[in-house]
Amino acid sequence: MQGLVAYGTYVPYWRLDRQRIAEGLLTPAGRGTRAVASYDEDTTTMGVEAARVALAAAPEGVRPHALYFATSAPAYADKTNATAIHAALGLDRAGFAADMAGAVRSAFAAVGAALDGSRPTLVVLSDTRTGLPGGADESGGGDAAAALLFGEGPVLAEVIGGADASEEFLERWRLPGDDHSRVWEERFGETAYVPLAEQVWTEALKSAGITPDAVDHLAVCGVHSRAARRFVAGAGVRSEALRDDLTAVIGNSGAAHLGILLAGVLDQAAPGDTVAILQIADGAVCLLLRVTDAITGYRERRETAHTLAAQIASGRTDLAYPTFLTWKGQLHREPPRRPDPTSPAAPPSLRHEAWKFGFTGSRCVNCGTRHLPPARVCISCGAVDQMVPERLADAAGRIATFTVDRLAFSLSPPVVAVVVDFDGGGRIRCEMTDVDPATVAIGDRVEMTFRKISTANGIHNYFWKARPAQGES
Amino acid sequence: MASSGIRDRVAIVGMGCTNFGEHWDKGADDLLVDAATAAFDSAGVTKDDIDAFWLGTMGSGISGLTLSRPLRLDYKPVTRLENMCATGSEAFRNACYAVASGAIDVAMAIGVEKLKDGGFSGLVVSSPPSDGTGAELTAPALFSLLAPAYSNKYGVDPDEMKEVLTRIAWKNHYNGARNPRAQFRREVAKETIACSPIMAGQLGIFDCSGVSDGSAAAVIVRAEDAHRYTDKPIYVKGLSFIAGPAQGAVSNDYDFTTFPEIVRAAEDAYRQAGIDDPRAELAMAEVHDCFTPTELVIYEDLGFAERGFGWKEALAGTFDLDGELPVNPDGGLKAFGHPIGASGLRMLFECWLQLRQEAPPERTIKSIAAGRKLALTHNLGGSPGECVSFVSVVGSEPAA
């Protein structure tokens with residue numbers, strides 16, 4: 001049976017301090033922060049970033065043959081979003097990428113399918129969660145992504161038990177196209193959910209042949225925090241085994257939260273520890289895992305900047321509430337007197353898929369010069385069609401020159417534009433994101449990140465931007 | 001480079017240029033009729049005397065009909081062409097070659113742009129369908145990339161750099177204030193320029209050329225026929241046009257402190273014209289100051305200043321109206337305005353006025369009276385790293 005061999009998370013750069021909501025709407029004081037996807041991010045781009053972190057630490061030779069993408073906020077309907085993630089990761093065309101989209105519970109559908117499958121599978125969980133201004137979903141939600149790679153190899157945590165329960169009732173729902181979800185009275189959800197959580201908890205422990213006090217880490221997520229709190233209070237685990245659900249710092253990241261909490265536990269757990277993950281959403285699901293010795297080597301192999309704690313700690317908390325509302329589509333601002341962004345055309349986007357999504361340029365086999373975008377005629381030696389593809393998505397570089405464009409259209413002006421010279425050759429002029437414009441300087445180290453450049457005419461224009469290099473000093 | 005050129009084989013015998021600016025009351029048709037008519041009158045010809053037309057416009061019309069329809073031309077050949085901001089100059093270059101070849105006796109080069117009907121701020125260019133991966137930066141942003149690179153390379157402090165850029169804008173406004181055809185006809189205080197709202201990088205609104213409507217035209221004949229039309233023809237000494245390999249966008253070698261396309265075009269044009277020392281030999285230059293850092297880099301690329309010293313020359317006033325080598329005595333793109341297709345011909349129009357000593361006294365340059373007889377025009381299209389460039393040299397006397 002295959003198991004979890006790598007994982008990664010992505011917590012976006014921005015945090016909204018809940019106090020900003022209170023100040024803006026003159027409501028009672030808020031506490032803590034929530035993670036916010038930037039104006040150029042959606043569930044697809046965040047999923048790509050989490051998956052890159054997971055794949056960077058994947059065991060030698062393990063490449064996903066299947067990719068399942070779970071989210072409650074798909075960027076497109078009637079079109080698979082997982083294929084964009086698949087392309088951005090530069091995975092082989094011979095593979096299966098599909099969405100399990102619609103609800104927070106979809107996350108466990110993806111994990112379950114991967115565990116039941118027989119080929120290396122990458123599960124990408126990504127979500128953006130918000131609601132109407134002033135509501136609990138707005139302040140309590142969070143945006144984040146996680147990726148879990150299942151396959152043969154040194155498994156980081158073995159499944160030792162689990163249980164599922166399904167129930168149909170109206171506790172939380174949203175009509176397609178609506179910008180916010182609706183919820184029934186909170187006490188009703190609590191009454192309905194707690195028995196479901198208790199049922200899967202009891203069955204899961206029984207399936208593993210353990211008692212609650214044998215559990216070293218219990219993490220609970222889902223759609224109903226009040227029900228979760230009441231379940232946890234009666235779960236019977238040792239108090240030191242209760243794991244923080246992180247909602248105070250990043251909010252509840254919906255479908256992603258399962259992966260976020262599991263990653264947080266695995267970042268800390270010792271070999272031999274028993275881990276319980278329980279999700280409350282349209283029923284309940286519980287998974288019991290035992291951490292293996294492989295976790296030690298895995299943690300040593302990973303970049304420090306890739307740990308969940310580092311990602312949470314590097315967030316920027318000065319996001320203004322009106323900016324948050326603008327990004328979430330709740331505040332319509334006067335645009336500049338400039339044309340709308342143009343949308344990409346389908347045929348050139350397909351012809352250039354490896355470039356647009358995979359950031360794959362070309363290298364001249366005659367003289368070694370790199371070309372971004374890929375070219376047929378070498379800029380240095382003039383050789384024609386003597387190129388091999390070269391993916392530079394994970395290359396780092398330095399800023400050769402830059403500017404701050406205050407005229408260009410953006411949901412978050414001004415646009416920072418940089419010319420990047422990559423280590424080992426190659427240059428691109430592109431936007432820079434997740435950076436304070438005042439701090440950009442020639443020579444700064446940058447890396448690439450997959451983003452949504454714009455959305456126009458019903459088309460999301462995905463491409464890569466530069467961002468400050470993570471984990472480099 | 002093997003272009004042997006057409007030195008002194010053709011001459012301009014008439015020119016016309018509309019006022020540049022916001023012509024809410026005129027369309028491209030009207031501007032073309034105004035410029036063409038002025039050029040016909042200047043040369044003492046009628047439209048029927050012109051054998052072929054070259055029309056430059058980036059986006060104010062397609063095909064030769066854009067000109068033949070408003071002028072009601074009598075079944076004449078009209079070539080419509082585009083080469084970004086060098087469009088007007090390209091119309092001129094191609095018309096000159098047609099006359100030099102002997103295929104055409106009398107040609108007109110005319111350029112027009114009607115930008116103010118678009119309703120947007122700044123320049124808007126429509127592009128063919130794409131994969132969406134090109135960074136959609138505005139023109140000021142693209143050219144503002146020059147400033148930090150130049151500062152960094154030559155150790156010019158950013159505040160000093162701002163002073164240099166401000167000085168260039170101030171000079172061009174000073175000149176434009178002495179030009180009744182210019183879009184902006186008033187001097188602007190340096191403090192106003194320096195404190196204007198930032199568009200991109202270090203560039204404020206006063207560092208950017210004017211978005212305007214306008215048209216300009218020239219009548220071109222073989223040099224031996226020129227005196228039939230005027231006592232003071234302006235001879236074409238050299239014409240060069242370069243489309244670069246766009247190397248700077250992909251190659252780490254390009255450092256954003258020069259335009260190799262300008263350097264190559266200048267070398268070619270100087271060789272054709274027999275110029276060894278442009279700073280000493282030229283009476284004036286009309287250069288493509290689309291943004292102030294562009295003009296700074298142009299000084300060095302055209303050989304008017306040593307590498308890394310253009311900024312000091314700018315501050316010293318070398319290129320002022322009364323300086324050693326006046327640059328943009330008509331106000332340049334900055335103050336005269338920049339209707340794309342017309343700009344190259346507008347530059348020639350100033351050379352035409354100055355070399356013939358017909359410029360208004362308040363902006364007459366001293367170098368002509370001092371005996372210099374050559375003038376240069378220069379255009380640039382695209383952005384640092386990937387552009388096209390044009391350089392011409394014209395003169396008031398044929399070589400002895």
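**Close-up views of a predicted two-chain model**

**View 1. Helices α6(A) and α7(A) are oblique to each other.** The angle between them is about 40°, which therefore falls in the oblique class. The model is predicted. Helix α6 covers residues 186-208 of chain A and helix α7 covers residues 225-233 of chain A, and their axes are 8 Å apart. The crossing of α6(A) and α7(A) is right-handed. On the α6(A) side the contact consists of Glu186(A), Gly189(A), Glu190(A), Tyr193(A), Val194(A), Ala197(A) and Glu198(A). These meet Arg226(A), Ala227(A), Arg230(A) and Phe231(A) of α7(A). By class, the residues of this contact are five nonpolar, one polar and five charged.

**View 2. Domain 1 of chain A touches domain 2 of chain A.** Domain 1 of chain A spans 3-327, whereas domain 2 of chain A is made of the segments 346-358 and 393-468. Their centres, taken over C-alpha atoms, are separated by 28 Å. Domain 1 of chain A brings 17 residues to the contact and domain 2 of chain A brings 16 residues. On the domain 1 side, the elements of chain A that give two or more residues are α2 (43-56), α3 (82-88) and α11 (321-327). That side divides into eight nonpolar, five polar and four charged residues.

**View 3. Strands β15, β14 and β16 of chain A form an open sheet.** The three strands follow the order β15-β14-β16, and the pairing is antiparallel. At the edges are β15 (370-371) and β16 (387-391) of chain A, each of which pairs on one side only. Strand β14 of chain A, residues 360-364, is joined to β15(A) by two bridges. Ser362(A) stands opposite His371(A) of β15(A).

**View 4. Chain A is in contact with chain B.** The contact draws 38 residues from chain A and 32 residues from chain B. On the side of chain A, two or more residues come from each of α12 (346-351), α13 (353-356), β17 (396-405), β18 (415-422), β19 (427-432) and β21 (459-468) of chain A. β17(A) gives the most to this side, with five residues. The side of chain A that touches chain B holds 20 nonpolar, nine polar and nine charged residues.

**View 5. An open sheet in chain B has nine strands.** The strand order is β3-β2-β4-β7-β1-β8-β11-β10-β9, with mixed pairing. The edge strands, β3 (78-81) and β9 (282-286) of chain B, each pair on one side only. From one strand to the next, the twist averages 25°. β4(B) and β7(B) run antiparallel and are joined by eight bridges. Met108(B) has Val219(B) of β7(B) as its bridge partner. Helix α1 of chain B, residues 28-43, packs on the sheet and touches β1, β4 and β7 of chain B. The direction of α1(B) makes about 130° with that of β1(B). Helix α3(B) lies across several strands of chain B, including β2 (52-56), β8 (234-243), β10 (374-383) and β11 (386-395). Relative to β4(B), α3(B) runs at about 170°.

**View 6. Helices α3(B) and α13(B) are oblique to each other.** Helix α3 (residues 87-101) and helix α13 (residues 340-355) of chain B cross at roughly 60°, and their axes come within 5 Å. From α3(B), the contact uses Thr87(B), Gly88(B), Ser89(B) and Phe92(B). From α13(B), it uses Ile340(B), Gly341(B), Ala342(B), Ser343(B), Gly344(B), Leu345(B) and Leu348(B). The contact of α3(B) with α13(B) has five nonpolar, six polar and no charged residues.

**View 7. Domain 1 of chain B touches domain 2 of chain B.** Domain 1 of chain B comprises 10-117 and 213-228, and domain 2 of chain B comprises 139-206 and 234-395. The C-alpha centres of these two domains lie 24 Å apart. The contact takes 35 residues from domain 1 of chain B and 32 residues from domain 2 of chain B. On the domain 1 side, β1 (10-17), α3, β4 (106-113) and β7 (214-222) of chain B each supply at least two residues. α3(B) has the largest share of that side, with seven residues. By class, the domain 1 side has 19 nonpolar, 12 polar and four charged residues.

Key
Residues are numbered from 1 along each chain as its sequence is written. Chains are lettered from A and ligands numbered from 1 in the order in which they are written. This is a predicted model: local features need pLDDT of at least 70, side-chain atom pairs count only at pLDDT 80 or more; totals for chains, interfaces and linings use all residues. Axes are lines fitted to C-alpha atoms, for helices over the stretch in contact, and angles run from 0 to 180 degrees between N-to-C directions. Helices (H or I, at least four residues) and strands (E, at least two) are DSSP runs, numbered from the N terminus. Angles under 35 degrees count as roughly parallel, over 145 as roughly antiparallel, 65 to 115 as roughly perpendicular and the rest as oblique. A crossing is left-handed if the near helix is turned anticlockwise from the far one by less than a right angle, and right-handed if clockwise. Two residues are in contact if their C-beta atoms, placed from the backbone, lie within 7 Å. Ala, Val, Leu, Ile, Met, Phe, Trp, Tyr, Cys and Pro count as nonpolar, Asp, Glu, Lys and Arg as charged, and the others, Gly among them, as polar. Domain bounds come from an automatic or database domain assignment. Two strands pair if DSSP finds at least two bridges between them.
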